Amino acid sequence: MDYSVHVQRLHAQRPAIAPSMLKCDFGDLAGDLRRLDEGQAPVIHWDVMDGHFVPNLSYGAMVIERNRARTKTLFDAHLMVSDPAKYLDEYVKAGCELITFHIEAVPDPVPLLRRIRQSGCGAGIALNPKTSVEAIRGAVGECDLVLVMSVEPGFGGQSFIPSALEKVREVRRTFGKEVLISIDGGIGTKTIASAAEAGADVFVAGSAIFDQPDYRTAINELRQLAEQGRRGAH
């Protein structure tokens, strides 16, 4: 399938709440995916960690592939790994529609971004809090999504870094309107409106969804707050 179909699908669902599976109940993954479906989450964010690029381990392509048939929701694999090119084909085969990797792991991102698109997936580039937008300038026109980390990657439950908001604005100025901007880390009811006002489109949320008794209610509340933030930007 043409990668642009997946990208357009996510564009149409902005502001998009992306539950971070790092915070799911790993003992009841199937149940959590069902509850997220009931809550109409537009995209599932799979945090892949290798224990090397970040100081934590999570899950790999095998887990994602086994759960692909459980939902028709878009899958975005966020590869927090040292050598994403080595494992790319596994995540394509697992059924991910979007694949995002870090500029800190691949200083020359264009060949890998092109390879992701050629595989039929939307291509994303992520940058850590201490990495400047200038580092990804070479990806302009070559990617579909830019992921701004608003915490240090590796662990859930961290506090939002406010300087990420200016980075979101800078990404928008640099990449234009066509690129989706995702923000990941500390996103909840107190931070999502300001992130939306800054220009973010996709909001990766962990605790703000999985720590709540009803996922549908949590997702709806986050979406409403994001919509208010977007209106405030105009």
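Me: What makes the meeting of the Arg-117 and Asp-144 side chains a salt bridge?
Reply: In this predicted model, the N to O distance for Arg-117 and Asp-144 is 2.9 Å. The cut-off is within 4 Å, between a side-chain nitrogen of Lys or Arg and a carboxyl oxygen of Asp or Glu. The pair therefore qualifies as a salt bridge.

Me: Why can one say that Arg-117 and Asp-144 tie parts together?
Reply: Arg-117 lies in helix α5 (residues 110-118). Asp-144 sits in the loop between β5 (122-127) and β6 (145-149). The parts are 27 residues apart in sequence, so the pair ties them together.

Me: Are Arg-117 and Asp-144 buried or exposed?
Reply: Both Arg-117 and Asp-144 are buried.

Me: Why is the contact of Arg-230 with Asp-201 called a salt bridge?
Reply: The closest N and O atoms of Arg-230 and Asp-201 are 3.5 Å apart. The limit is within 4 Å. The pair therefore counts as a salt bridge.

Me: Where do Arg-230 and Asp-201 lie?
Reply: Arg-230 is in helix α9 (residues 215-232). Asp-201 is in the loop between α7 (192-198) and β8 (202-205).

Me: Why is Arg-230 called partly exposed?
Reply: Its relative accessibility is 24%. Buried means under 20% and exposed over 50%. Arg-230 falls in between, so it is partly exposed. Asp-201, at 2%, is under the 20% limit and therefore buried.

Me: Which residues are linked in a network with Arg-230?
Reply: Salt bridges link Arg-14, Arg-172, Asp-201 and Arg-230 in a network.

Me: What makes Arg-35 and Asp-32 a salt bridge, and where do they lie?
Reply: Their side chains meet at 3.0 Å, N to O. That is within 4 Å, so the term applies. Both residues lie in helix α2 (residues 29-38), three residues apart, about one turn of the helix.

Me: How do you know whether Asp-32 is buried or exposed?
Reply: Its relative accessibility is 1%. Buried means under 20%, so Asp-32 is buried. Arg-35 has 28%, which lies between 20% and 50%, so Arg-35 is partly exposed.

Me: How many salt bridges does a search of the whole structure find?
Reply: The search finds 14.

Me: What makes the Ser-20 and Asp-47 side chains a polar contact?
Reply: The distance between them is 2.7 Å. The limit for a pair of N or O atoms is within 3.5 Å, so this pair meets it. Ser-20 is in the loop between β1 (16-19) and α2. Its relative accessible area is 6%, under 20%, so Ser-20 is buried. Ser-20 also touches other residues, including His-45, Val-204 and Phe-210.

Notes:
Residues numbered from 1 in each chain as written. Predicted model: local features only at pLDDT ≥ 70, side-chain atom pairs only at ≥ 80, totals over all residues. Heavy atoms only, no water. Helix = DSSP H or I, 4+ residues; strand = E, 2+ residues; numbered from the N terminus. Buried < 20%, exposed > 50% of the residue type's maximum accessible area, 1.4 Å probe, protein only. Polar contact = N/O pair within 3.5 Å; in protein donor to acceptor, adjacent residues only side chain to side chain. Contact = heavy atoms within 4.5 Å. Lists of a residue's contacts leave out its neighbours within four places in sequence.
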